[in-house]
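Dear colleague,

Please find below the structure for your records. My notes on its side-chain packing follow directly after it.

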Amino acid sequence: MSYMERRLADLRQYRPDRTAPEDLEEFWAATLAEAKAKPLNDVRERASTLSPYIEAYRVTYEGFDETPIQGWYLLPAFGGEGKRPCVVLFHGYTGGKGYPEQYSDLLMLGFAVFAIDVRGQGGETGNLLPQSFGMTRGWITQGLLDPKTSYYRAITVDALQAVRWTSEQPEIDPDRICVAGASQGGGLALMTLALSDIPAKGIADIPNMCHMDYGILNSTGSLTEAAEFVSRHPDKLEAVLRTLSYFDALNVAERIRKPVFVSVGLKDTICLPETIFAVYNRIEAPKRMQVYPFNGHYTSGDHFRKMASFLLEPAESQA
C-alpha cells in the first residue's frame, strides 16, 4: 500500500468523538422555532445586468435579527415558464455575493440562483448583532463566549432564512432546492442541510465549520481568530470550545438526510482533511466525496462539471 493509499484509508476511518453539548437539541429546536416565527420583511427589486439572458433581482431579507441581508436572485431568461430548480449559494470567509454575471454557468444549466452576503464580511451587508465582549481580528469571535450571542448562530440562521425565502418564490420548485458553497459556504451548506427540511440536496466544497475543536488547534484559516482570542483570554478556552460545538457540523451530521457532495484537498491547511472526513464519515445520507490529493484550499480540473452532474441528477435517484 502506497503512502497516499494509507493516508486515504486512515482518513476514511477517522471518526472522532462528537463534542455535542447536552442541550444541543433543545438549543436548535428553540432557535429554529424562533426563526420560523420571525417575518422575513423581504424586498425584491428588479436589477439590470450585462446579459439579456439573466433576469436579476436585488433582494433584502431579515435573517437572525433586523440586519438587512443582501442577495442576488437570478433566473434564466429562457426555457419557458415552469417552476425551476434553484441553487442557494453561500460564499467563503471574507467574500461577498459578487455580481449576477458570475453565476452564468449555473443559469445556463437552467438553475435559478439565490446568492447571499454573509453578514459583515466583504459584501454589501452590515451586521447589527450586539457585542458584549471584546473581539480579536475578524468576525467569528463576536459573541464567542455564549452560543446564543454567537456570530455563528446569526450566520447559520441567516442561511436557513435564505432557503426559506427561496422556497416561497413563485418561480421556484420548492422540492428542487440545493444549498451549496465552498469553505465557510460549504460549512453553512452542511449546517443548513442538517437543520432544514427544505433543501433536496447539498454541495459542500472544502467545507469549514467541521470538527472545530481540531481546527482551532491546527487550522491556518478563520479559526486562528478564535485561537488568538483564547491566547489573549486563556481562561475562556472551555467557553469558546462549548460555543463552537453548537455550530460544528460534526455534531449534526447524523441529521443530514438528503444527498450531499463533498470535496477535500489533502494539502489543505485551512479546512484540513481530518476535519472534513470527520463529518463526512458520520453522514448517513447518500453521499459522495471528491478527493484532490495535491490541492490545498481549492478545487481544480473539471470540478464544476462534477458538481453540475450531481445537481442535474434527480434527488430520488441519489437516495
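The charged end of R44 lies over the ring of Y57, at 4.1 Å from the ring centre. Please note that the model is predicted, and that the values given here are computed from it.

Turning to the aromatic residues, the structure contains 14 aromatic pairs. One of them joins Y246 and F247: the ring centres are 6.3 Å apart and the planes meet at 45°, so this pair is classed as tilted. Because its relative accessibility is 1%, Y246 counts as buried. F247, at 0% relative accessibility, is likewise buried. Ring pairs also connect both residues with F27, W28 and Y152 in a cluster.

The largest nonpolar core has 77 residues, and F114, Y152 and L190 are the members that touch the most others. Helix 4 (residues 151-167) supplies the largest share of this core, with ten residues. As a general point, nonpolar side chains in soluble globular proteins tend to be buried together.

Finally, which residues does F114 touch, leaving aside those up to four places away in sequence? Its contacts are V59, Y61, G71, W72, Y73, C86, V87, V88, L89, A162, W165 and T166.

With kind regards

Definitions and conventions:
Residues are numbered from 1 along each chain as its sequence is written. This is a predicted model: local features need pLDDT of at least 70, side-chain atom pairs count only at pLDDT 80 or more; totals for chains, interfaces and linings use all residues. Side-chain values use heavy atoms; hydrogens and water are left out. Rings of Phe, Tyr and Trp (its six-membered ring) pair if their centres lie within 6.5 Å; planes under 30 degrees apart count as stacked, over 60 as edge-to-face and the rest as tilted. Buried means under 20% relative accessible area, exposed over 50%, partly exposed in between (1.4 Å probe, protein chains only). A charge sits over a ring if NZ of Lys or CZ of Arg is within 6 Å of the ring centre and within 35 degrees of the ring normal. A nonpolar core is a set of buried Ala, Val, Leu, Ile, Met, Phe, Trp, Tyr and Cys residues joined through side-chain atoms within 4.5 Å. Helices (H or I, at least four residues) and strands (E, at least two) are DSSP runs, numbered from the N terminus. Contact means heavy atoms within 4.5 Å.
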